[in-house]
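Reader: I have a model open on my screen. Please show me how to read its features.

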Amino acid sequence: MSVMTVGFVGLGAMGRGMAANLLAAGHPVRVWNRSPGPVEELVAKGATAAADLGEVYDSEAVVSMLPDDRTVEALLLDGALLAGARAGVHVNMATVSVALAERATALHAEHGIGYVAAPVLGRPGVAAAGELNVLAAGEAAQLERVGPLLAAMGRRTWHFGDRPAQANTAKISANFLLACAIESMAEACSLAEANGVRPTDLIEMLAGTLFPGPVYSGYGSMVAERRYEPAGFRLPLGLKDVGLALSAGEARNVPLPFGSVLRDAFLDALAHGDGEKDWAAVAAVARRRAGLPD
């Protein structure tokens, strides 16, 4: 196995497990995070604490797992930081907009640094287990170079092309479909409950017949049981991803009628104080619309 020094930025619920798996695979890892607690946790597992982002970029490769466009832009799309970097490649594993992916690709190229987009499918427990599905795109040579890193963090890497933005497009599309599934399950469960059918019975049947797999069995049970905490993926992040889909569609004249419905449902959930709950809590909006009890 090819071992390389890795600078890791972003030790949130997902990033902590991902960085730990890089360590377990034998890669020396320098970690940086805006809050110190997760850094201390990773240092206890063998990582080195980076004093600043410049020290992170004094690695062979940089991996980042940050929450949104604004954070990526503020922290990492800095010309001075990239100009002084020793790193040969940056692997951005965040779910970001197509537009940001294109800007990041161009900026890294200006400074002679490879750029790979590799957003992931999976929740924090899946990340900790190293079982993520990685959606990757970038130049073939760069994808090959970071292949061992992606393999350490996931169970399979799916390739979507030589332009990093293609991986972000695939991830945005996947999350849009997940949001649609949650909304459709919420509406179906409300219909069932209003007519005397237990939502849990409906979801058990659907997950065992028409829709087997983790979406209907996992999110379906959360919707049917109205179990939205602890949050594996917070509701504001769901709103962000629906917005990314709408923006990507607008840029290419692709109508997404369900996207507008989803955006308003997520805003409704936030207005009712559900911002700290899992994004499956958007199902409460369907219940309110149906006049079902809280």
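This is a predicted model: local features need pLDDT of at least 70, side-chain atom pairs count only at pLDDT 80 or more; totals for chains, interfaces and linings use all residues.

Reader: In what order do the six strands of the open sheet lie?

Author: First the terms. Helices (H or I, at least four residues) and strands (E, at least two) are DSSP runs, numbered from the N terminus. Two strands pair if DSSP finds at least two bridges between them. Here the order is 3-2-1-4-5-6, with parallel pairing.

Reader: How many bridges join strand 5 to strand 6?

Author: Four, and the two strands run parallel. Val89 has Gly114 as its bridge partner in strand 6. Val91 faces Val116 of strand 6. Strand 4 (residues 61–64) also pairs with strand 5 in the parallel sense, over four bridges. There, Val63 stands opposite Val91.

Reader: Which way do the residues of strand 5 point, and are they buried or exposed?

Author: Buried means under 20% relative accessible area, exposed over 50%, and partly exposed in between (1.4 Å probe, protein chains only). Val89 and Val91 point one way, His90 and Asn92 the other, and all are buried.

Reader: How do I read the faces of a helix?

Author: An α-helix has 3.6 residues a turn, so residues three or four places apart point the same way. Take helix 10 (residues 199–208), where Pro199, Leu202, Ile203, Leu206 and Ala207 are buried. Down the helix 10 axis, the buried residues fall within an arc of 125°, so they line one face. That arc is taken from the directions from the helix axis to the C-beta atoms. Glu204 and Gly208 are exposed on the other side.

Reader: What covers the buried residues of helix 10?

Author: The cover includes helix 9 (164–194) and helix 11 (214–225). Contact means heavy atoms within 4.5 Å.

Reader: What volume does the largest pocket have?

Author: About 1200 Å³. Of its 47 lining residues, Met14, Gly122, Arg123, Gly232 and Phe233 are the closest to the centre. The lining divides into 28 nonpolar, eleven polar and eight charged residues. Ala, Val, Leu, Ile, Met, Phe, Trp, Tyr, Cys and Pro count as nonpolar, Asp, Glu, Lys and Arg as charged, and the others, Gly among them, as polar. A pocket is an open set of points on a 1 Å grid over the protein atoms alone, where a 1.4 Å probe fits, with protein on both sides within 12 Å along at least five of seven lines; lining residues have an atom within 4 Å of a point. Grid points are joined across faces, edges and corners, and the volume is the space filled by probe spheres set on them.

Reader: Where does Gly259 lie?

Author: In helix 13 (residues 257–271). Gly259 counts as buried because its relative accessibility is 0%. Leaving aside neighbours within four places in sequence, Gly259 is in contact with Phe176, Val242 and Leu246.

Terms used. Residues are numbered from 1 along each chain as its sequence is written. Side-chain values use heavy atoms; hydrogens and water are left out.
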